[in-house]
Structures are given as structure tokens and as C-alpha cells.
Amino acid sequence: MEGAVSMSDVAAFQPEALQLPELSPLALKANPFLAEQLFSQWLSLPDTSRLVKSLLSAAKTGESLNAVGSSSSTNAGSGSSIPSMFPSGCTPPLSPRSVSGSPRAVKQRAEFKSVAKDICKLPSFFSSILFRRIDANSVGFVTRDQFIDYWVKGNFLTMDLVTQIYIILKQPDHEYLTQEDFRPILREILATHPGLEFLQSTPEFQERYAETVIYRIFHYVNRSGTGRLTLKELKRSNLVAAMHQVDEEEDINKVLRYFSYEHFYVIYCKFWELDTDHDFLIDKENLIRYGNHALTYRIVDRVFSQVARKFRSKVEGKMGYEDFVYFILSEEDKSSEPGIEFWFNCIDLDGNGVLTSNEMQFFYEEQLHRMECMAQEPVLFEDILCQIIDMIGPEERENPTLTEWDRFAHREYIRLSMEDDAEDVSNGSGDVWDESLEAPF
């Protein structure tokens, strides 16, 4: 079809195609606007910006010039070691350290440039998602008229950015977003983000990373807990800002909200530690070992009673990976609204929406018994209650931009990476980091 180019055609473009070898200099001189029009049409294709970015990056580093997707990351093998506590191949690779002096050569853009310039402010990884939305019949190409028709008739010109993203992602017959609606975003990020190139050789952990990011999004954003994320919830969240940060930041670990690979690594390794039979399910006896037995049997019983949140595992008496992600985020980030609500519901034994001293004392009695068994001087519950009341208005923490979860994930990633380094040394590996163990954030 004239005026239309398929996505596969885009990947087949070679650098010499830009020189228009089939046209003589006389033809170009006779029609000076011809080359400009052809180049403008090429730029309007959805994956062109990705191709240009790949070619320019390769040229700067002296690599061979290949189509998008054919280049390999120099860091691909640098993070393949597995922490010593796990069998080989069972945990995700460590995230390679960011290399200074390697900013993105060209900021990726998702606009059909000659048509949507200055009206489409979507993150760049929405390029292919938007292409597929317009190409509803999956014919493999989109014309300029089709794009205009989709954008104008869909009233995108009058929408704010969050609403545009919401409409593009959701299914046409839905008035909400599901977890599946976010999978195209994660596929594009995994395929294009330089901070995740090292995962290309481990597709199983690409899938786990994508799942974890989506679970984190719904934990914090879907405050109704229905699994159906509304436009109002999306507008109240910082998710779109986090997407733009992913688009602009080369180091994915600096995107603390939702997308950090190091955060995923901590969550997955914690789950794998507890899942002793590796059936991807956790029972009460597994969970009681969390945090060096920091939890009591009474509170674990309440977690498994599912009063705070219904499990998605569909296996009686078992917590699945998604359930664990919600648990660990609530446990280690008790200052967040989801964390407060989770533990409030666990402690609220009669479900009347009010915590009494008797309910709090019920859970503290087991801790008091532990102190006595360890010959420690017991702390009276009355003293604990006074401390709780004093903590209602705490002073601001140092670096208030970091949440309790951010601090926990930072500490745990350093600990896990140190265990991995120690294993490398014992195996005679030469890949041990010689940099400071301070995380990049």
C-alpha cells in the first residue's frame, strides 16, 4: 500500500539507505524537496527513533552498525553470578554498575514526528504500544491518515497526558486497567532500556522482573485493592512521573518507584530464601523465618487468615509470589498507606476499624514471652504503649525523599551483593567489584 511501511521494514533499513543511492544528484537538484519529504516520511514511522539511536550509539563506541535488536550489551555477562545461598540458575543476575560517560546518544521519542509533533508527550516506549493500538487488525503497517484518524477522533488532543496513557493502555470495553494491560509497557522497557540489556540472556528473569514491577504498581496505585485500576487512582499516583523517569534515566536502579531492578532482586531473593522446596509457594512455617524470625506466630496466623488481603495463589494455606510481594512491601514500608492499612487490618481483631490496647497487647504477649525465654529484661506493655503514643508525631528522617522500603532495599541489596562477591572470591572469579558498595542512589 502506497504511503505505508511495516514494522519489519523499519528494522531492515541500513545506514546507506539514508544516502538514497537510487537517485542521481541531478534528480535531487531538480526536486530539492524530494529527499526532505522522503526523510520526513521515514521519521514518522514508530520504530525509526529506536533505529537512529542504535546506529548513533554504535558509531560513537566503534561497534558495527546493525539494526535495532542485533547489538549486544557489553555488560551482558557481568552480572550473571548467583548468590552463594542459592543453586546455580535459580536467582536473577546482579545489576551491572552504571558506567559514567555513557548517556543516551539520542533521547528516544515515540511520536510519529511529522504528524504528532508537539501534541504527543508520551514516554518513548509507548511507540510500539501506540502502533499496535492503531493497527487494530494486525496488518503490520499504519498510514499517516490512520494515525490522524485515531488521534483526532479519539479526542486525544483535548486529553491530559495521564488520560491519554490510560486510554491507550486499557481495553476498549473496560473502564479500568488490569495487570495484563501493563505488560506491553514492560515488554518495551525490557527490549529498549540500556539498564536492562544484561537481562536479554535470561528471559525467565525478564518475566519475573516484569511481574514484580506490575505487582508493585498495583500495590501502591490500586488503593481499592480490586485489581481494577481506575483513571482516578492513576491520576492520584506518581506512576506517570516514574515512567518519564524511566524514559530519561539510563540507570534503571535510580528509578526507585516501581522500576528499580535492584528492588526486584531483593524481593525475589527474599522469596527464594523462604521457599525451601521451591514450589513457588510459601506456608506459615516458611514465613515465620522471615527477618530472622522477627514475626510472631499470632501475626503470621493473621496474615494467612487473609483479613488484610486475599491471596491470589488459589492454593489453600499457601502464599504465592504475588502475595509475597504485597507482604514484603507492607512489612518493610509500614509508613506507606498500603503498609499502614495492611497491618492495621491484621491487628484489628474484631474488624471494627479501631485498634484498642487489648488488641495490641494480644500480639505483644508473644514477644514478651520471647524476652523471658532469652533471659532478657522484659519491657512492660504499658511502656511500649507510651512509646507508640509518642511516635504518632515523629521528627522528619534524614533524606526524607527515601521511603522505608527504599532504605530496606538499599541495605539488603548491598548484603546480597556482598555474599555474591564473597562466593566469586572463593571460586577464583575475577569479576568482583572493586568499587564502593554504595548503591547508585
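By the ring-centre criterion, with centres within 6.5 Å, the count in this structure comes to 31 aromatic pairs. The model is a predicted one. A pair of aromatic rings is described by the distance of the centres and the angle of the planes.

Take Tyr-220 and Tyr-258. Their ring centres are 6.4 Å apart and the planes stand at 70 degrees; planes over 60 degrees apart count as edge-to-face, so this pair is edge-to-face. Tyr-220 belongs to helix H10 (residues 203-221), while Tyr-258 sits in the loop between helix H12 (239-248) and helix H13 (261-274), so the pair ties together parts that are 38 residues apart in sequence. Tyr-258 has a relative accessibility of 4% and therefore counts as buried, the limit for that class being under 20%.

Phe-271 and Tyr-321 form another pair, with centres 5.2 Å apart and planes at 80 degrees, so this pair is edge-to-face. Phe-271 is in helix H13 and Tyr-321 in helix H17 (residues 321-332); the pair therefore ties together parts that are 50 residues apart in sequence. Both Phe-271 and Tyr-321 are buried.

Aromatic rings also meet charged side chains. The charged end of Arg-298 is placed over the ring of Phe-362, at 4.1 Å from the ring centre. Arg-309 lies over the face of Tyr-326, and here the distance to the ring centre is 3.6 Å.

The next topic is helix packing. Two packed helices are described by the angle between their axes and the distance between the axes. For helix H6 (residues 127-134) and helix H7 (residues 144-153), the axes come within 10 Å and cross at roughly 90 degrees. Angles of 65 to 115 degrees count as roughly perpendicular, so H6 and H7 are roughly perpendicular to each other. On the H6 side the contact is made by Leu-130, Arg-133 and Ile-134, and on the H7 side by Gln-146, Phe-147, Tyr-150 and Trp-151. By class, these residues are 5 nonpolar, 1 polar and 1 charged.

Leu-161, Val-162 and Ile-165 of H8 meet Val-240, Met-243 and His-244 of H12. The contact of H8 with H12 divides into 5 nonpolar residues, 1 polar and no charged.

Leaving aside residues up to four places away in sequence, Leu-385 touches Ser-357 and Met-360. Met-360 is 25 residues from Leu-385 along the chain, and the C-alpha atoms of the two are separated by 8.7 Å. The relative accessibility of Leu-385 is 24%, so this residue counts as partly exposed.

His-278 has a positive phi of about 55 degrees although it is not a glycine. This histidine is located in the loop between H13 and helix H14 (284-287), and its relative accessibility of 34% is why it counts as partly exposed. Ala-375, also a residue other than glycine, has a positive phi near 60 degrees. Ala-375 lies in the loop between helix H19 (357-373) and H20. With a relative accessibility of 72%, Ala-375 counts as exposed, a class that begins over 50%.

Technical notes:
Residues are numbered from 1 along each chain as its sequence is written. Side-chain values use heavy atoms; hydrogens and water are left out. Axes are lines fitted to C-alpha atoms, for helices over the stretch in contact, and angles run from 0 to 180 degrees between N-to-C directions. Helices (H or I, at least four residues) and strands (E, at least two) are DSSP runs, numbered from the N terminus. Angles under 35 degrees count as roughly parallel, over 145 as roughly antiparallel, 65 to 115 as roughly perpendicular and the rest as oblique. Contact means heavy atoms within 4.5 Å. Ala, Val, Leu, Ile, Met, Phe, Trp, Tyr, Cys and Pro count as nonpolar, Asp, Glu, Lys and Arg as charged, and the others, Gly among them, as polar. Rings of Phe, Tyr and Trp (its six-membered ring) pair if their centres lie within 6.5 Å; planes under 30 degrees apart count as stacked, over 60 as edge-to-face and the rest as tilted. Buried means under 20% relative accessible area, exposed over 50%, partly exposed in between (1.4 Å probe, protein chains only). A charge sits over a ring if NZ of Lys or CZ of Arg is within 6 Å of the ring centre and within 35 degrees of the ring normal.
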